[in-house]
Amino acid sequence: MKEGTDAASHPKLYEIRLLICVAQADGYLDDEEMERIFRQVNLDIFTVRERQVFHDDLENPKNPEDLAREVSPYLSEPEKMMLVRKMFKLATLDKEIAQEEVTMVYLIGRALGLIDSKIKEIETWVMEGINWLARWETIVRTVQPLKNKKVSS
């Protein structure tokens, strides 16, 4: 029996493959990116053969446009946007985003059939979230402890 590793039978497989492409875009796949990718892998049930595909992609990068065009017909518009969101979030794990990663996400988003303005909207939303989280870290870091001050009534 042939296991389904094509886009039609398992589009989630292609989503992971595209995340790998984004993680490799800046020329370096760090431990945190690898962990995030494999966390995504563990959210779905993949066969041994499908997991081998991921490892092959890590060793031998594939053409992201080809992968995106292959899976595009099997994803709804919201699923495509969610995938772009996941790609931007992966690229911002270290709180910064390399230009190569941005370029890769746009390349994949276009190959999925999304327009630039929608990709930009998703990018902006993700970056706003990163900035929002950073603001909280600033707030927490600047807390001055109270020094046994007596509260007057």
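## Exercises on a predicted model

Helix 7 gives the lining of the largest pocket its largest share, 6 residues. (Helices are DSSP runs of H or I with at least four residues, numbered from the N terminus.) This is a predicted model: local features need pLDDT of at least 70, side-chain atom pairs count only at pLDDT 80 or more, and totals for chains, interfaces and linings use all residues. Residues are numbered from 1 along each chain as its sequence is written, and side-chain values use heavy atoms, with hydrogens and water left out.

**Exercise 1.** Work out which residues line the largest pocket and how they divide into nonpolar, polar and charged.

*Solution.*
- Start with the rule: on a 1 Å grid over the protein atoms alone, a pocket is an open set of points where a 1.4 Å probe fits, with protein on both sides within 12 Å along at least five of seven lines; lining residues have an atom within 4 Å of a point.
- Next, list the lining: Arg36, Lys89, Thr92, Leu93, Lys95, Trp125, Val126, Glu128, Gly129, Ile130 and Leu133.
- Then sort these residues: 5 are nonpolar, 2 polar and 4 charged. Here Ala, Val, Leu, Ile, Met, Phe, Trp, Tyr, Cys and Pro count as nonpolar, Asp, Glu, Lys and Arg as charged, and the others, Gly among them, as polar.

**Exercise 2.** Decide whether Asp57 is buried or exposed, and find what it is in contact with beyond its neighbours within four places in sequence.

*Solution.*
- Locate Asp57 in helix 3.
- Check its relative accessible area: 3%, so Asp57 is buried. Buried means under 20%, exposed over 50%, and partly exposed in between (1.4 Å probe, protein chains only).
- Now look for contacts, meaning heavy atoms within 4.5 Å. With those sequence neighbours set aside, Asp57 touches Arg17, Ile20, Gln24 and Lys62.

**Exercise 3.** Count the aromatic pairs and describe their geometry.

*Solution.*
- Apply the rule: rings of Phe, Tyr and Trp (its six-membered ring) pair if their centres lie within 6.5 Å; planes under 30 degrees apart count as stacked, over 60 as edge-to-face and the rest as tilted.
- That gives 2 aromatic pairs.
- Take Phe46 and Phe54: their ring centres are 5.0 Å apart and the planes sit at 85°, so this pair is edge-to-face. Phe46 is buried at 8% relative accessibility, and Phe54 is buried at 1%.
- Move on to Phe88 and Tyr106, also edge-to-face, with 6.2 Å centre to centre and 80° between the planes. This pair links distant parts of the chain, with Phe88 in helix 5 and Tyr106 in helix 6, 18 residues apart.
- Finish with burial: Phe88 and Tyr106 are both buried.

Methods:
Helix = DSSP H or I, 4+ residues; strand = E, 2+ residues; numbered from the N terminus.
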